[in-house]
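Visitor: Please put the molecule up on the screen. I would like to ask about its build.

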Amino acid sequence: MKPDTKYETGVIWQDYQHKQLIDLFEKIKQARSDDSEKSLFPYTTGFLAMYVNHHFSLEEAYMAKYNYPDTEEHTRKHKAFIKELKAFRKEHREYSAKAVDDLIVRMEDWILSHILENDQKLGKFILRKEHAG
Ligand SMILES: [Fe+2]
Ligand SMILES: [Fe+2]
């Protein structure tokens with residue numbers, strides 16, 4: 001999976017932040033195939049914990065600002081992912097190859113389901129609102 005234009009919404013801050021996540025996903029996937037993922041594991045889980053709070057709050061602030069019609073569903077997905085990551089960290093406090101594999105799957109699912117679908121819709125909506133103003 002390449003961080004190509006299909007992930008872009010055209011909203012600069014959103015694309016920048018999504019790229020941070022996609023780049024980290026690519027990096028840990030690559031490291032896993034080189035067997036060099038051990039040191040990247042705590043960084044990745046730590047980054048994700050910080051990232052989801054910050055990134056989701058920003059998207060939610062824009063949803064509120066523009067009265068986004070799918071706010072409820074979108075926010076529910078954010079909350080579910082935060083919960084999922086918390087449970088993951090609780091289950092995998094230490095590095096293991098299995099934990100990394102599990103994390104890679106969860107990150108990929110998020111990128112493909114949420115960034116590629118829900119965030120695309122939100123991004124298009126924000127762009128429309130900003131250009132109309
Ligand atoms: Fe989102
Ligand atoms: Fe997002």
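Visitor: In what order do the elements of the protein run from the N terminus on?

Guide: This is a predicted model: local features need pLDDT of at least 70, side-chain atom pairs count only at pLDDT 80 or more, and totals for chains, interfaces and linings use all residues. Residues are numbered from 1 along each chain as its sequence is written. Helices are DSSP runs of H or I with at least four residues, and strands are runs of E with at least two, numbered from the N terminus. The protein has four helices and zero strands, and the order is α-α-α-α.

Visitor: What percentage of the 133 residues is buried?

Guide: Buried means under 20% relative accessible area, with a 1.4 Å probe and protein chains only. By that cut-off, the buried share of the 133 residues is 40%.

Visitor: How many aromatic pairs does a search of the whole structure find?

Guide: Rings of Phe, Tyr and Trp (its six-membered ring) pair if their centres lie within 6.5 Å. Searching the whole structure gives nine.

Visitor: How do the rings of F47 and Y51 pair: stacked or edge-to-face?

Guide: Planes under 30 degrees apart count as stacked, over 60 as edge-to-face and the rest as tilted. F47 and Y51 have 25 degrees between their planes and lie 5.4 Å centre to centre, so they are stacked.

Visitor: Which helix holds F47 and Y51?

Guide: Both residues are buried. They sit four residues apart, so about one helical turn separates them; their helix, residues 40–65, is α2.

Methods:
Chains are lettered from A and ligands numbered from 1 in the order in which they are written. Side-chain values use heavy atoms; hydrogens and water are left out. Buried means under 20% relative accessible area, exposed over 50%, partly exposed in between (1.4 Å probe, protein chains only).
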